[in-house]
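Here are my notes on this model, point by point. Have the coordinates open while you read.

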Amino acid sequence: MEILLQFLFLVLGFVMLVKGADWFVDGAAGIADRFGIPQLVIGLTIVAMGTSAPEAAVSITAALKGNAAITVGNVVGSNILNILIILGVTSVIVTVAVAKSTIRYEIPYMLFITILLMIFGYTGGNISLIEGVCLWLAFIGYLT
């Protein structure tokens with residue numbers, strides 16, 4: 001009986017997560033319309049940060065408990081899932097148009113950050129405070 005209750009809570013949690021995400025995306029699209037901001041910009045900033053907030057919470061908690069490897073695995077795994085699974089499945093269902101700005105800016109920036117993370121990982125086997133600050137500044141630069 002207890003396992004059935006846990007399963008129901010899990011399903012209820014997923015339903016609430018999906019509905020909350022739906023409201024969040026609708027609200028972000030409304031903000032974009034109200035202020036004349038392109039929805040792509042909203043998707044790349046507000047929605048991306050909002051959907052990454054739970055991952056950030058897990059990563060920060062893991063790092064504070066001395067399990068920093070979970071943080072790196074979470075970041076890399078999330079990117080792999082987003083690019084290969086989500087984009088791949090979407091592309092199987094419908095053709096995905098890629099904007100010129102995505103090809104010109106976002107993809108090269110993503111490749112640069114991936115290579116930078118690999119370099120940081122290879123030099124000493126960990127990401128130091130200075131390297132973390134560099135990644136954070138790169139994130140601020142991307143948002144700018």
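1. Some ground rules before going on. This is a predicted model, in which local features need pLDDT of at least 70 and side-chain atom pairs count only at pLDDT 80 or more, while totals for chains, interfaces and linings use all residues. Residues are numbered from 1 along each chain as its sequence is written, and side-chain values use heavy atoms, with hydrogens and water left out.

2. Now the overall picture. The protein chain has five helices and zero strands, giving α-α-α-α-α when read along the sequence. Helices (H or I, at least four residues) and strands (E, at least two) are DSSP runs, numbered from the N terminus. Along the principal axes, the C-alpha atoms fill a box of roughly 50 × 45 × 30 Å. Of the 144 residues in the protein chain, 10% are buried; that means under 20% relative accessible area, with exposed being over 50% and partly exposed in between (1.4 Å probe, protein chains only). Among contacts with a separation of 6 or more, 33% come from residues 24 or more positions apart, where contact means heavy atoms within 4.5 Å.

3. Helix α1 (residues 2-35) has 34 residues and runs 49 Å from its first C-alpha to its last, close to the 50 Å expected at 1.5 Å a residue. Just after α1 comes G36, with a positive phi of about 70°.

4. Helix α4 (residues 100-122) deserves a careful look. Its 23 residues should span 33 Å at 1.5 Å a residue, and the end C-alpha atoms are 33 Å apart, which agrees. A kink of about 30° lies at E106, shortly before the proline P108. Just after α4, G124 takes a positive phi of about 100°.

5. How do α4 and α5 pack? Their axes are 11 Å apart, at an angle of about 175°, which makes α4 roughly antiparallel to α5 (the label for angles over 145 degrees). Axes are lines fitted to C-alpha atoms, for helices over the stretch in contact, and angles run from 0 to 180 degrees between N-to-C directions. From α4, E106, Y109, I113, L116, L117 and F120 meet E131, C134, L135, A138, F139, G141 and Y142 in α5. The residues of this contact divide into ten nonpolar, one polar and two charged. Nonpolar covers Ala, Val, Leu, Ile, Met, Phe, Trp, Tyr, Cys and Pro; charged covers Asp, Glu, Lys and Arg; the others, Gly among them, are polar. E106, L116 and F120 in α4 are buried.

6. Last, T102, which is found in helix α4. At 21% relative accessibility it counts as partly exposed. Leaving aside neighbours within four places in sequence, T102 is in contact with I107 and P108. T102 and M16 are 86 residues apart in sequence and 32 Å apart in space, C-alpha to C-alpha.

Note on methods: The expected span of a helix is 1.5 Å times one less than its number of residues. The bend at a residue is the angle between axes fitted to the seven residues ending there and the seven starting there. Angles under 35 degrees count as roughly parallel, over 145 as roughly antiparallel, 65 to 115 as roughly perpendicular and the rest as oblique.
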